[in-house]
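Reader: Could you walk me through this model, one question at a time?
Author: Gladly; have a look at it here.

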Amino acid sequence: MGLTRRNVLSRLGAIGGAGLTYAAMEAIGLAVPTPANAENFMLEPGSGAGRSVVILGAGIAGLVAAFELHQAGYKVTVLEARERVGGRVWTIRGGDPIVHFGRPVQRAQFDPGLYFNAGAARIPATHRIILAYARRLGVRLETFVNVNRSVGWDFAGKVQPERRMVNDMRGEIAELLAKAIDAHALDQEMPKAELDLFRMFLAPYASLDRKGKYQPDGRSGYAVAGGGYARAPVPLGRLSRKELLPGPALILPYLFEHIWDMQATMLQPVGGMDRIPLALYEQVKPLVRLRSPVTAIRRVGERVRIEHGPGAAATQADYCICTLPMPILARIASDFSPAKKKAFGAAHYLPSVKVAFEARRFWEREDDIYGGLAWTDRANENVIYPSESFNADKGVLVAAYAAGWTNRDNPQKFAAMSHEERLRICRESIEALHPGKSRLLSKGVTVGWGQVPWSEGVGAIWPGGPMDPQRRGADYAELLRPEGPILFAGEHLSYHGTWQEGAAMSAHEALKLLASMAAARAGKAAAA
């Protein structure tokens, strides 16, 4: 079997699961940014002309749809099962309850002003639609530090600084390449002048000596830091190949910052990620009914009838935009066709887990870490250091984001653990990264998205990964088609899965389709 891009992705997926496959797809150029000008979306003003639309779900897709429809003059009703808007954009603050299926209710005890982004946590600069809504609605943004060479990587029982791992791996690869050039193994691959220039470039690029051997020069860190007067710095020695790559779990951390939408510096709203859905909500608040779970979706001629709580209430409308996650939708009584019902089970939802603690900001004061992600082969997978309020007294440390980044089985494995087990593993991870500091962690909370009511997962994972339309096949195509007056939207109906951007993009597509359907219906009525 040839070494094709698909074969490489399949092998990486078998090792690392969805996280590693997604990273590899983007690293080899299979991911795409938001289309140019998509942020300028707008329905024709006044085109609603009193037509009614009921929207199921007040996550990003539902709120975007409600906002745009309301602006265009449609009569809008939004039904949301929760007591809050935002869906999987969930910022937890002190006093907030955290509910899971079959588990004790947790209540966050964070100090005032502190928060935990349990769901969406960062925005790439290329996510033009979400950034445009933030700009349009006055949501202030700040930098999210996504890559930091000062953090630690904890693999195979050893902790090394990221800068040492990355730079020593660069030196290792460059040394092997220099040997190949010096042995004339690449003479047929490029002209001699280019090859000579390339060989010259490798020396400063990766700290190679005249013989092409990697010699750490300090960019990997120092065994003795330089000081005043006679205190000369002493660079750390080079790590062995086994230390640099003890197993497949380390593949994604090396690739991470090269992923299209995992830039070194990203963005976040000041005060919590929920500032964006809350800003949308303020524009449509009278139209949103909270604590109104949908119990049935029915067709009434060319219109739709939605049965929902509390009690046995019902809402009728000309059209419906359904943004509910597929596992929820599959259990709701409906008049959907067999093809639609089958399609609801075509993707599985990733049961990602996050854990957070409040603590004195020891990572800044004692370890010089200001934002960024630490990585580990433990079940918690990575640690996210806060990128806001630098040098404040306390912060919220995200001590786990288990999503299959380093081991495909981690989300399921971590999700099956009790709250106490997750907290224990995270404390052990922080202790390995910051010896003696785990005792400073307090007020721990954990969110397992597979067990969160009305979500049951952090996002849809389609066969073939995020970029393979052939593998998504007929079931995906079926969900893109309206069911009479009912249209569908959500991150699961985009090629930006698990991102707010994907939810907003799919909402825009549903709105364009709805507008064309409404125009066709109006033309038909006029002709009659």
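Reader: Leaving aside neighbours within four places in sequence, which residues is Phe 414 in contact with?
Author: This is a predicted model, where local features need pLDDT of at least 70 and side-chain atom pairs count only at pLDDT 80 or more, while totals for chains, interfaces and linings use all residues. Residues are numbered from 1 along each chain as its sequence is written, and side-chain values use heavy atoms, with hydrogens and water left out. Taking contact as heavy atoms within 4.5 Å, the partners of Phe 414 are Val 353, Val 355, Ala 379, Asn 380, Ala 400, Ala 402, Arg 422, Ile 425 and Cys 426.

Reader: Which residues touch the most other members of the largest nonpolar core?
Author: A nonpolar core is a set of buried Ala, Val, Leu, Ile, Met, Phe, Trp, Tyr and Cys residues joined through side-chain atoms within 4.5 Å. Buried means under 20% relative accessible area, exposed over 50% and partly exposed in between, with a 1.4 Å probe and protein chains only. The largest such core has 68 residues, and those touching the most other members are Phe 116 and Phe 414.

Reader: And which strand gives the largest share of this core?
Author: Strands (E, at least two residues) and helices (H or I, at least four) are DSSP runs numbered from the N terminus. Seven residues of this core, its largest share, come from strand E23 (residues 394-402).

Reader: Which strands stand at the edges of the open five-stranded sheet?
Author: Two strands pair if DSSP finds at least two bridges between them. The order is E13-E2-E1-E17-E26, with parallel pairing. Each edge strand has a single partner, so one side of each is left without a neighbour in the sheet; these are E13 (288-289) and E26 (486-488).

Reader: Which residue in the turn between E14 and E15 has a positive phi?
Author: Strand E14 (residues 294-300) runs antiparallel to E15, joined by six bridges. The two form a hairpin with two residues between them, and the turn residue with a positive phi, about 65°, is Gly 301.

Reader: Which residues form the covered face of E15?
Author: In a regular strand the side chains alternate between the two faces of the sheet. In E15 (residues 303-308), the uncovered face has Arg 303, Arg 305 and Glu 307, and the covered face has Val 304, Ile 306 and His 308.
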